[in-house]
Amino acid sequence: MHLAYPAVLAVLLFCTGLYGVLARRNAILVLMSVELMLNAVNLNLVAFDVWLRDTLHAGQALTLFTIAIAAAEIGIGLAIVLMVYRNRGTSDIDKLRDNAESAGPDEKAEATA
C-alpha cells in the first residue's frame, strides 16, 4: 500500500476539521471538528507505523493514547458546553463572546469572585 493514500485522506480530514473549527458558531460542532482533526492525526500515526514496519508499533501505541485523550477532552468539553448552555441559554460562540465583552468591570469582578 502506498503511503500517499492515507496521507491525502488525513490531510482532507484535517482540513475539514480546521474549517469546522474556524467557521462554525456552535460549540458542539466545534468539538466535533476537533475530534475530526484528532482522527486525521490518528490515521497518519497508524499509516506511518505500517509504512515504517516498526517492531514496537509506536504509532499504534500513540494512537491509543490520543484516543484516550480525545475521549477525556470530549467528556469535559461537553460538560462545560452544557453548563454554559444552562447558564446563558445559548451555545453560540459569538453570542458568548459578545456577552463577555459587554460585561462591565463590576460584573467581571463578581464573575471571578
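Visitor: Is Arg-53 buried or exposed?
Guide: This is a predicted model, so the value is computed from predicted coordinates. Arg-53 sits in the loop between α2 and α3. Exposed means over 50% relative accessible area. Arg-53 has 71% relative accessibility, so the answer is exposed.

Visitor: What is phi of Arg-53?
Guide: Arg-53 is a residue other than glycine.

Visitor: Where is His-57, and what is its phi?
Guide: His-57 lies in the loop between α2 and α3. Its phi is positive, in a residue other than glycine. The value is near 55 degrees.

Visitor: Which accessibility class does His-57 fall into?
Guide: Buried needs under 20% relative accessible area, and exposed needs over 50%. His-57 has a relative accessible area of 41%. That value lies in between, so His-57 is partly exposed.

Visitor: How many helices and strands does the protein chain have?
Guide: Read along the sequence, the pattern is α-α-α-α-α. The count is five helices and zero strands.

Visitor: How do α1 and α2 run relative to each other?
Guide: Helix α1 covers residues 4-23, and helix α2 covers residues 27-52. Their axes are 8 Å apart, at an angle of about 165 degrees. Angles over 145 degrees count as roughly antiparallel. So α1 is, relative to α2, roughly antiparallel.

Visitor: Which hand does the crossing of α1 and α2 have, and which residues make the contact?
Guide: The crossing is left-handed. On the α1 side, the contact includes Pro-6, Leu-9, Leu-13 and Phe-14. On the α2 side, among the contact residues are Val-30, Val-34, Met-37 and Leu-43.

Visitor: How many charged residues are in the contact of α1 with α2?
Guide: By class, 15 residues of this contact are nonpolar. Another five are polar. The charged count is no residues.

Visitor: How do α2 and α3 run relative to each other?
Guide: Helix α3 spans residues 58-88. The axes of α2 and α3 are 9 Å apart, and the angle is about 175 degrees. The cut-off is over 145 degrees. So α2 is, relative to α3, roughly antiparallel.

Visitor: How many charged residues are in the contact of α2 with α3?
Guide: The residues of this contact include 14 nonpolar ones. A further six are polar. The charged count is three.

Visitor: Is Asn-42 buried or exposed?
Guide: Asn-42 lies in helix α2. Leaving out residues up to four places away in sequence, Asn-42 touches Thr-63, Thr-66 and Ile-67. The cut-off for buried is under 20%. At 8% relative accessibility, Asn-42 is therefore buried.

Visitor: Which residues does Ala-70 contact beyond its sequence neighbours within four places?
Guide: Ala-70 is in helix α3. Ala-70 is buried, because its relative accessibility is 7%. The contacts are Glu-35 and Leu-38.

Visitor: Which residues does Leu-3 contact, neighbours within four places left aside?
Guide: Leu-3 is placed in the segment before α1. The C-alpha atoms of Leu-3 and Asn-44 are separated by 9.3 Å, though the two are 41 residues apart along the chain. The contacts of Leu-3 are Ala-47, Phe-48 and Trp-51.

Visitor: What separates the C-alpha atoms of Met-1 and Trp-51?
Guide: Met-1 is also in the segment before α1. Met-1 is exposed, because its relative accessible area is 81%. Met-1 and Trp-51 are 50 residues apart along the chain. Their C-alpha separation is 8.2 Å.

Visitor: What part of the protein chain counts as buried?
Guide: The protein chain has 113 residues. It exposes about 8,200 Å², with carbon and sulfur atoms supplying 68% of that area. The buried part of the residues is 22%.

Visitor: What part of the contacts with a separation of 6 or more comes from residues 24 or more positions apart?
Guide: The contacts considered are those of the protein chain with a separation of 6 or more. Residues 24 or more positions apart account for 55%.

Notes:
Residues are numbered from 1 along each chain as its sequence is written. This is a predicted model: local features need pLDDT of at least 70, side-chain atom pairs count only at pLDDT 80 or more; totals for chains, interfaces and linings use all residues. Side-chain values use heavy atoms; hydrogens and water are left out. Axes are lines fitted to C-alpha atoms, for helices over the stretch in contact, and angles run from 0 to 180 degrees between N-to-C directions. Helices (H or I, at least four residues) and strands (E, at least two) are DSSP runs, numbered from the N terminus. Angles under 35 degrees count as roughly parallel, over 145 as roughly antiparallel, 65 to 115 as roughly perpendicular and the rest as oblique. A crossing is left-handed if the near helix is turned anticlockwise from the far one by less than a right angle, and right-handed if clockwise. Contact means heavy atoms within 4.5 Å. Ala, Val, Leu, Ile, Met, Phe, Trp, Tyr, Cys and Pro count as nonpolar, Asp, Glu, Lys and Arg as charged, and the others, Gly among them, as polar. Buried means under 20% relative accessible area, exposed over 50%, partly exposed in between (1.4 Å probe, protein chains only). Accessible areas come from the Shrake-Rupley method with a 1.4 Å probe; for residues, only the protein chains shown count as cover.
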